[in-house]
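Thank you all for coming; I would like to walk slowly through one structure with you this morning. Please have a look at it first, and then I will take it region by region.

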Amino acid sequence: MPAYCRIPELGPAFALTFLLLLAACGSGLYLDRAIEPGQYDRLQHGGDAGRTNVISHGEESLQPGAGDTLQVAWEFSLHGAADRAVPLLVDETVLFASTTGRIEVVDLHTGEQIGRFPTHWFIQSTPAVSGRSLFVATSGRDPLLLCYDLEQRRLRYQCLIPSVHAALCVVGDRVIYAARDGSVVCHSADDSLARWSVSLDDQLTAAPAANDSVVVIAGQNGDLNALAISDGNALWRISTGAAFLAGPSIRGTMLAAVNVEGVITMAETDDGTIRWRRELEVPVYQGCAWRNDTVAVALANGDVILLHATDGRELARFRTGELPGAAPQFDGAHLVLLHRKGDLMRIGLHSGEITRIAQLPVRSRTAPLITPYGIVLVDEKGEAVCVR
């Protein structure tokens with residue numbers, strides 16, 4: 001029997017609705033086999049808590065070269081329309097989230113559905129996996145944080161929470177959500193009670209990023225707020241003057257964040273010391289990719305620029321000519337970029353060659369899931385395809 005958080009006193013009609021919801025959430029859940037995360041799985045948005053968007057660190061890519069043709073391996077129709085929730089790779093399965101409130105588990109090799117986790121509310125936030133626990137945050141009238149046991153294949157607990165649009169952030173055995181109303185809350189898999197909770201005077205829709213000790217929240221008011229992972233205590237705040245539509249990126253003890261006006265800030269996570277700032281002069285709607293000393297940023301005009309992390313100087317610029325739909329991703333000697341109109345582009349970091357390697361028939365803003373076995377794409381209508 002799953003554990004539940006205490007229901008607030010909001011009247012008998014609300015309580016009845018909520019109890020019916022709780023009963024409904026337990027129905028229809030199945031998983032053909034236990035799932036155990038592996039070392040190279042993609043367990044949260046951006047690949048890690050720092051949101052670095054790195055697929056492969058070396059020169060060798062996980063995918064064929066730019067001249068090779070990618071072919072459709074399988075197709076899958078999600079239960080409902082897709083939003084920004086990114087598919088996850090867990091133990092050679094793909095976890096899809098749809099806005100209609102369902103997590104669907106698909107075999108990576110065949111595209112056959114092997115599991116389902118119904119939440120019965122809207123999912124706009126990318127779920128996350130910690131150990132053998134899957135965390136899902138929903139939005140809607142009575143949003144929930146749900147914790148599923150991937151080994152026992154059951155719902156462990158669920159909590160009534162504020163509406164969450166930002167991707168969940170997993171650090172060790174902890175999961176942190178940033179709610180639209182400004183609440184930032186830390187949970188763990190073993191207890192439905194929050195470890196700590198903080199309320200920021202802001203609207204939060206961008207994914208938080210973290211290292212082992214600090215989580216940074218980027219808000220609609222243009223502030224970057226750093227909180228201690230251990231207890232949620234405020235550490236520092238930086239004001240940038242414009243809203244963040246995409247979350248920050250953290251590598252080690254350094255933070256990179258780009259607001260909607262194209263101002264990128266590089267700061268230290270320990271104390272908020274600003275190392276450098278640069279005005280890119282073009283709006284930015286997507287997050288960064290960060291590998292070694294290079295930060296990649298996709299601008300709204302279709303340019304992708306590489307900046308040196310030490311001083312912000314421009315290293316290279318690639319002109320793709322289209323609005324990006326998701327953050328770029330480092331994949332070996334290439335950058336992979338999804339265009340909003342549905343084209344998947346590969347950019348040669350050394351050659352500068354820009355090649356379209358896949359094309360969706362419908363627009364998309366769901367970041368591609370790049371795996372050793374193929375690239376999984378989802379359009380905005382909820383149609384998924386794996387190309388190899």
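Before I name any pair of strands, let me say that two strands are counted as paired if DSSP finds at least two bridges between them, and that the strands themselves are DSSP runs (E, at least two residues), just as helices are runs of H or I of at least four residues, all numbered from the N terminus. Please keep in mind that this is a predicted model, in which local features need pLDDT of at least 70 and side-chain atom pairs count only at pLDDT 80 or more, while totals for chains, interfaces and linings use all residues. Residues are numbered from 1 along each chain as its sequence is written, and side-chain values use heavy atoms, with hydrogens and water left out.

Let me begin with β14, which covers residues 174-178.

Is β14 covered on its faces, or open? If we call a residue buried under 20% relative accessible area, exposed over 50%, and partly exposed in between (1.4 Å probe, protein chains only), then both faces are covered, with Arg-174, Ile-176 and Ala-178 buried on one side and Val-175 and Tyr-177 buried on the other.

Next, β8 (113-118), which pairs with β7 in the antiparallel sense over five bridges, with Val-105 standing opposite Gly-115. Their hairpin has five residues between the strands, and Gly-111 in it takes a positive phi near 80 degrees. β8 is also joined to β2, by two bridges and antiparallel, and in that pairing Tyr-30 stands opposite Arg-116.

This brings us to the packing, where a nonpolar core means a set of buried Ala, Val, Leu, Ile, Met, Phe, Trp, Tyr and Cys residues joined through side-chain atoms within 4.5 Å. The largest such core has 22 residues, of which Ile-103, Phe-117, Leu-134 and Tyr-148 touch the most other members. Among the strands that each supply at least two residues of this core are β7 (102-107), β8 and β10 (133-137), while β11 gives the most, with three residues. A second, separate core of 17 residues includes Ile-264, Val-284, Leu-299 and Ile-305. As general background, nonpolar side chains in soluble globular proteins tend to be buried together.

Taking contact to mean heavy atoms within 4.5 Å, and not counting residues up to four places away in sequence, Phe-122 touches Thr-99, Gly-101, Thr-138, Ser-139 and Gly-140. Of these, Thr-138 is 16 residues apart from Phe-122 in sequence, yet the two are 5.5 Å apart in space, C-alpha to C-alpha.

Elsewhere there is an open sheet of five strands, in the order β3-β29-β30-β31-β32 and with mixed pairing. Its edge strands are β3 (54-56) and β32 (354-359), each of which pairs on one side only. Within this sheet, β31 (residues 343-348) and β32 pair in the antiparallel sense over five bridges, and Ile-347 has Ile-354 of β32 as its bridge partner.

Which of them is buried, and which exposed? Arg-51, whose phi is near 55 degrees, sits in the loop between β2 (30-31) and β3, and is buried, with a relative accessible area of 4%. Glu-281, whose phi is near 70 degrees, sits in the loop between β24 (274-279) and β25 (289-291), and counts as exposed at 71% relative accessibility.
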